[in-house]
Amino acid sequence: MAVTFLRQRVLSNQQICCTWRFVCRQLCAVAVQQQHKETRQTGVPLIVPKHVIAKAFIVHPSTTSVFEASSKYQWLTKTKLFEGLPAPFSNVDNFLDDKEYEHLREKFKESILQNHAFRKEGISANHRFRRRGEEMTMGFLQDLLRFGWSLSDRHRHLDDCFLDLKPKMRIHWARHHNFYQLDQEPAFVIRTKQPSQLLEPNVEKTSLETIPGPFDNYSINVFRHPILHLQNKPGFQNSAFYKYPYNHAMFLTNINKLTYDQQQAYGIMSMFGSLVALAMDYGVQMGQHLQKPLVTKCVITDGIQCTLMCYQLNTLSFQEDFGIKNFAWVSHSMNLFEVTNAKHKPLLFETLDVDNKVCGFNDECFKTVLAFLCKETES
């Protein structure tokens, strides 16, 4: 009798345990369903120890082989892209008075003549792999920055900043349970001591915006590489003692054969990479929102054609498509000046006519680039 009684007790306990597990599963399922109905995520950190090794998908900042690259890079970075520059750059005439701008304009036109009309490029040993016009573009950007720094008497952040040449940046992030890694070396990065002012203070309203996607890795044209360490490099060492950590503006030059859509993707991924690297270097964990969003700007140019973009990093929570998102803005494509359309070969360099003038100079483009440089940082 005792043995029979014990067996019955054991069976009843097993039934109770099974019933309790079934109820728990139902409660968990209901909780998950209710959680998916919410419009805001909790920002729970996804902690990835430094020693973890994973087969990450390698992302290239610029691509010529992805169809609708801008939409796919928006989804990959959880970014909402807006056409047109944000409100602080809606009226670029406020940054300079007419007399000062006219002086800079004439000096810069002389610089264009020097770089595009009278400068010849030598053929290097690896000329097959050298981008055409790269030397002229770098000379053009150096003069452009020189004219921007002439305004440092009124814009103090330009008097105390650092020009970084091709910094090596590397980041990793998790998107829909896949790890991605990005390596990049932008041509120039202007670094400041203080962060840039926010372009969109109301971060909560980003949850109302929608982004393209989702997309699979095959359509994005990313593939897993051999096993590697997930690393984060913001472009500088000894960050605890570094005085100029913030990315005020970036200049991207390797845009040969990139369409306008691909240039947008290039700018989104480059600015996203630089800001994520800085946020993670400051201790923000993957999956969290930024208590203080980060802002940067970029100029995508080959010395003639320019595309201007801005970016605000609000969150590192990439596991879902809802909730707080990052913001990006893009201008229309602009030519800084008109190139020659003559059928005969001009006596000057390929891009200008023989009358020693810069025709069709684009004041809107030049003023906006100067506004990018002069935009004040936080005090």
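I started with disulfides, searched the whole structure, and found zero. This is a predicted model, so I keep that in mind for everything below. A disulfide would need the two sulfur atoms within 2.5 Å. Looking from the other end, Cys310 has Cys298 as its closest cysteine by sulfur, again at 8.0 Å and too far. I also looked at burial: Cys298 is buried at 0% relative accessible area, and Cys310 is buried, with 0% as well.

I then picked Trp173 and listed its contacts, skipping neighbours within four places in sequence. The list includes Val59 and Leu76, then a run from Asn178 through Phe179, Tyr180 and Gln181 to Leu182. Met269, Phe272, Met286 and Phe318 are on the list too. Trp173 also turned up in an aromatic cluster, together with Phe57, Tyr180, Phe272 and Phe318.

**Aromatic pairs**

How many aromatic pairs are there in the whole structure? My search gave 16. I wrote up two of them.

Trp75 with Phe215: I have this pair down as edge-to-face, 6.4 Å centre to centre, with 85° between the planes. Trp75 is in helix α2 (residues 69-77) and Phe215 is in the loop between β7 (188-192) and α6 (217-220), so the pair ties together parts 140 residues apart in sequence. Buried or exposed? Trp75 is buried, at 2% relative accessible area, while Phe215 counts as partly exposed at 22%.

Phe82 with Phe327: this pair is edge-to-face, with 5.0 Å between centres and 85° between planes. I placed Phe82 in strand β3 (residues 79-83) and Phe327 in strand β13 (residues 326-330); they are 245 residues apart, so I call this a link between distant parts of the chain. Phe82 is partly exposed, at 24% relative accessibility, and Phe327 is buried, at 2%.

**Charges over rings**

I came back to Trp75 and asked what sits over its ring. It is the charged end of Arg175, 4.6 Å from the ring centre. I noted another case at Tyr101, where the charged end of Lys367 sits over the ring, 4.8 Å from its centre.

**Confidence**

Mean pLDDT for the protein is 79, and 74% of the residues reach 70 or more. Which elements mark the ends of the range?

Conventions: Residues numbered from 1 in each chain as written. Predicted model: local features only at pLDDT ≥ 70, side-chain atom pairs only at ≥ 80, totals over all residues. Heavy atoms only, no water. Contact = heavy atoms within 4.5 Å. Buried < 20%, exposed > 50% of the residue type's maximum accessible area, 1.4 Å probe, protein only. Phe/Tyr/Trp six-rings, centres within 6.5 Å; stacked < 30°, edge-to-face > 60°. Helix = DSSP H or I, 4+ residues; strand = E, 2+ residues; numbered from the N terminus. Lys NZ or Arg CZ within 6 Å of the ring centre and 35° of its normal. pLDDT = per-residue confidence, 0-100.
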